[in-house]
Amino acid sequence: MSYDHLIVETEGRVGIVTLHRPAARNALSTPLVNELGAALEAFEQDPAIGAIVLTGGDQVFAAGADIKELQEAGFVDIFLADFPHGRAAAWKRMATLRKPVIAAVAGFALGGGCELAMACDFILAADTAVFGQPEVLLGTMPGAGGTQRLARVVGKSKAMEMCLTGRRMDAQEAERAGLVSRVVPVAELRAEAVKAAATIAALSLPAVMMIKESVNAAYETPLAEGLRLERRAFQSTFATEDRREGMAAFAAKRKPEFKGR
Ligand code: CAA
């Protein structure tokens, strides 16, 4: 499939999706979001891919929803389309992807852009990254997880301040607040993200998927239920060939060869 607003590549077992609408600062228009859904779905279904990197390149991650597209919309339009959740498969699909997705953020990740990065499994930030939920400055509010995911990650005070005032957070503050896993020089962002994704993609895919599911459960279930889910998932790794191989390789002092079985 060819894409107008994305660059879609692979490096080994890593799928890389680059948002590519530079003239509009990668604003998340409906065509772009539809393409993103299709690209993520293709990588999710591809057995040759073990992990995904989502980036906007080295200038900007994404400036949010396409304001010009939304400008004339009324409540009924937005409600019937269930915007942004129902607009395109991508937002819904992000939440159900089983393969890990790393957001590699350089420059602005604002509004829906910040929400898109937060919908990924972790965020690697360039030293140029800037995060914000400026919707209030437009007379609206975050609608794709900004009030929910940001509050869970950075806590109430920072989330409230950012959502209520539109104040932006730079990469260093985002790292201190736990929004990003680490900050790297912008020139190294893509390579670092692909390296992390390649590390994951070389591991046991069933184990990786179970870990992702378990960590996500920490945000959605009471502790006792999350611990039970984790324990069952851990126990079920003892049914995989990869778990046997991993422990045998450790005992034999050799590198494991995981097959994803
Ligand atoms: N939607 C549509 N077009 C956008 C856009 C957006 N979100 N962000 C930037 N653009 C366009 C600009 O209109 C401009 O187009 P023209 O050249 O045709 O005039 C072009 O991209 C370049 O923009 P700037 O000149 O503003 O570029 P800059 O580098 O000076 O500033 C920026 C970059 C800080 C990202 C600034 O463009 C900006 O503040 N954008 C809006 C950010 C925003 O408010 N996002 C929230 C959107 S609402 C939302 O996301 C709802 C939700 O939760 C689902």
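This section describes the ligand site, the surface, the backbone and the salt bridges of a predicted model.

The ligand is surrounded by 21 residues, and the closest of these are A65, K68, G112, E115 and E135. A polar backbone atom of A63 lies 2.9 Å from a nitrogen atom of the ligand. For A65, a polar backbone atom is likewise found 2.9 Å from a nitrogen atom of the ligand. K68 takes part through its side chain, a polar atom of which is 2.8 Å from an oxygen atom of the ligand. The ligand on its own exposes 1000 Å², and 66% of that area is buried by the protein.

F75, V76, F79 and L80 together make a nonpolar surface patch of about 500 Å². F75 belongs to helix α3, which spans residues 75–80. This phenylalanine counts as exposed because its relative accessibility is 63%, and the threshold for an exposed residue is over 50%.

The loop between α3 and α4 (89–96) contains P84, and the peptide bond from F83 to P84 is cis, with omega near -5°. D82 lies in the loop between α3 and α4 as well. The phi angle of D82 is positive, near 50°, although the residue is not a glycine. D82 counts as partly exposed because its relative accessibility is 42%, which falls between the limits of 20% and 50%. A further positive phi, of about 55°, occurs at R25, also a residue other than glycine. R25 is located in the loop between β2 (14–19) and α1 (30–45). As background to these backbone features, most residues other than glycine have a negative phi, and most peptide bonds are trans.

In strand β6, which covers residues 122–126, F122 was examined. The C-alpha atom of F122 is 5.3 Å from that of I102, although the two residues are 20 residues apart along the chain. F122 is partly exposed, with a relative accessible area of 29%.

Charged side chains form 11 salt bridges in the model. One of them joins R93 and E41, with an N to O distance of 2.3 Å. This pair links distant parts of the chain, since R93 is in helix α4 and E41 is in helix α1, 52 residues apart. The two partners fall into separate accessibility classes: R93 counts as buried at 18% relative accessibility, whereas E41 counts as partly exposed at 26%.

Another salt bridge connects E173 and K158, whose closest N and O atoms are 2.6 Å apart. Here too the pair links distant parts of the chain, with E173 in helix α8 (residues 171–177) and K158 in helix α7 (residues 156–165), 15 residues apart. E173 counts as buried, having a relative accessibility of 10%, while K158 counts as partly exposed at 26%. A salt bridge is also formed between E161 and R167, with the closest N and O atoms 3.0 Å apart. E161 is partly exposed, with a relative accessible area of 35%, and R167 counts as partly exposed at 28% relative accessibility. Through salt bridges that share partners, K158, E161, R167 and E173 are joined into one network.

Conventions: Residues numbered from 1 in each chain as written. Predicted model: local features only at pLDDT ≥ 70, side-chain atom pairs only at ≥ 80, totals over all residues. Heavy atoms only, no water. Near = heavy atom within 4 Å. Polar contact = N/O pair within 3.5 Å; in protein donor to acceptor, adjacent residues only side chain to side chain. Areas by Shrake-Rupley, 256 points an atom, 1.4 Å probe, with all protein chains shown as cover. Patch = residues over 30% accessible without salt bridge, like charges linked within 9 Å, V, L, I, M, F, W, Y side chains within 5 Å. Salt bridge = Lys/Arg side-chain N within 4 Å of Asp/Glu carboxyl O. Helix = DSSP H or I, 4+ residues; strand = E, 2+ residues; numbered from the N terminus. Buried < 20%, exposed > 50% of the residue type's maximum accessible area, 1.4 Å probe, protein only.
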